[in-house]
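Please examine the sequence and structure shown here.

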Amino acid sequence: MKRIAQDERVPVRLTLNGKPASGTAEPRMLLSDFLRSTLGATGTHVGCEHGVCGCCTVLLDGVAVRSCLTLAVQADSRTVDTVESLAGDGGALNALQAAFKDRHALQCGFCTPGILISFTDFLRREPNPTREQVTEVLGGHLCRCTGYVDIVEAVMDAVKIQAASSENLQAGEPS
Amino acid sequence: MKPRKFDYIRPDSVAEALEVLARYGEDARVLAGGQTLMAMLNLRLVETSVLVDISRVKELEDIRITGGMLEVGAAVTQNRLLAWPELSSRNPLLAKMLPWVGHFQTRNRGTVCGSIAHADPSSEIPLALAMLDGEVVLRSKRGTRTLKAAEFQLGMLTTARQPDELIVAARFSIANGAAAFHEIARRHGDFAIVSVAAWATGQSRMRLGVGGADSRPFIRNIDVNDGAHMRDAVENLVWQLEPYEDMHASPRMRRDLVRNLAPKIIAEALA
């Protein structure tokens, strides 16, 4: 049994974007604040802090969750991936990020990190989704700039790009 | 906002969790998925001295068939049950209702039993529990008791759980009859203004469940043999509801929504 008193600060060690990371947290510290303030991973944004807006969505052990509804101490010894994990070497955008850029699926960009993370999880489970499924997942996010249409288009583009590149891989062509 | 201070306790077993609840009782809150509780703590609508995190208790992670019922442990998330391969064959009604629970992202963490424990009258899972002759298994150091949905669900956000008890599982009857479900909300995934579930329980018999229009799930069995009789039954049901008023809808609007939605859902289940 793990027990932490309210004023106690305990070490929290986790794997952040593939690398070990650690800091200390008291029980009431939210994972979203721990990532931003303690670990300096400010790509994760904090909007409403009650699970509605979706900006703070991160992958916890590979699954998209609200980091504002998760305590830092709950993430101890687990794996967290944030928007910072998506781009490749030298900041090369991945297919989903590139599609967002091409389709103008972001304006101010505040909600974007959470949306990218949600679809990172969802597209792994459902690589060939319908537009309705994409809209349903996007329903877990608020965006006040785009009107959502371009976001749906971008995700559908990314699906096509990913499908094409996996076919190329199967055919033995360079991807 | 940020939560007020609390002690954090993470038991590794049900026995440890029951020790903690026996000691702290009303001063403790059980945290499973936290998709409601964490939000309420952040908004400071709820305060607690001790937070008991059961999300890593392995004994509570089972989905199984037992005694002719589908039993779901207290740490099972809504998306895990939704992804359970046998769900749509074993329980078509639950399979239809679960996609309406919150959003994809909150279902990843929110638990089936947590929703039952919270007992929001507009929630889908408490309605499913009442529709499917469900049971709630409660354990404490004093022993185990199993309550029927109607015995457990006492009213708005109110259940029969005692402060030293832990909900260890919920059970739903195996129900392979045709089913339909729909709800009206401002945005898919938001709290339902009203919801209606229908389940064919036999030849020309239909069980109708209404959420969001009374302080707890409202269930009636109706005869759907002839259209006129069915319309009377729906109208009768509508006037038995005691709908609440909130920022989204008046009692009159809630009655009207049920009156219009119910025949469509019955037709869908019959089709």
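In what order do the four strands of the open sheet stand? The order is β1(A)-β1(B)-β3(B)-β2(B), with mixed pairing; two strands pair if DSSP finds at least two bridges between them, and strands are DSSP runs (E, at least two residues), whereas helices are runs of H or I of at least four residues, both numbered from the N terminus.

This is a predicted model, in which local features need pLDDT of at least 70 and side-chain atom pairs count only at pLDDT 80 or more, while totals for chains, interfaces and linings use all residues. Residues are numbered from 1 along each chain as its sequence is written, and chains are lettered from A and ligands numbered from 1 in the order in which they are written.

At the edges of the sheet stand β1 (2–4) of chain A and β2 (28–31) of chain B, each with a single partner strand, so one side of each has no neighbour in the sheet. Within chain B, β1 (residues 7–10) and β3 (residues 50–53) pair in the parallel sense over three bridges, and Asp7(B) stands opposite Val50(B) in β3(B).

Chain A contains five helices and six strands, which run β-β-β-α-β-β-β-α-α-α-α from the N terminus on. Its overall values are tabulated below.

| Property of chain A | Value |
|---|---|
| Radius of gyration (over C-alpha atoms) | 17 Å |
| Box of C-alpha atoms along the principal axes | roughly 55 × 40 × 30 Å |
| Buried residues (20 or more other C-beta atoms, placed from the backbone, within 10 Å of the residue's own) | 42% of 175 residues |

How values were computed: The radius of gyration is taken over C-alpha atoms; the globule rule is 2.2 Å times the number of residues to the power 0.38. A residue is buried if 20 or more other C-beta atoms lie within 10 Å of its own, exposed if 12 or fewer, and partly exposed in between; C-beta atoms are placed from the backbone.
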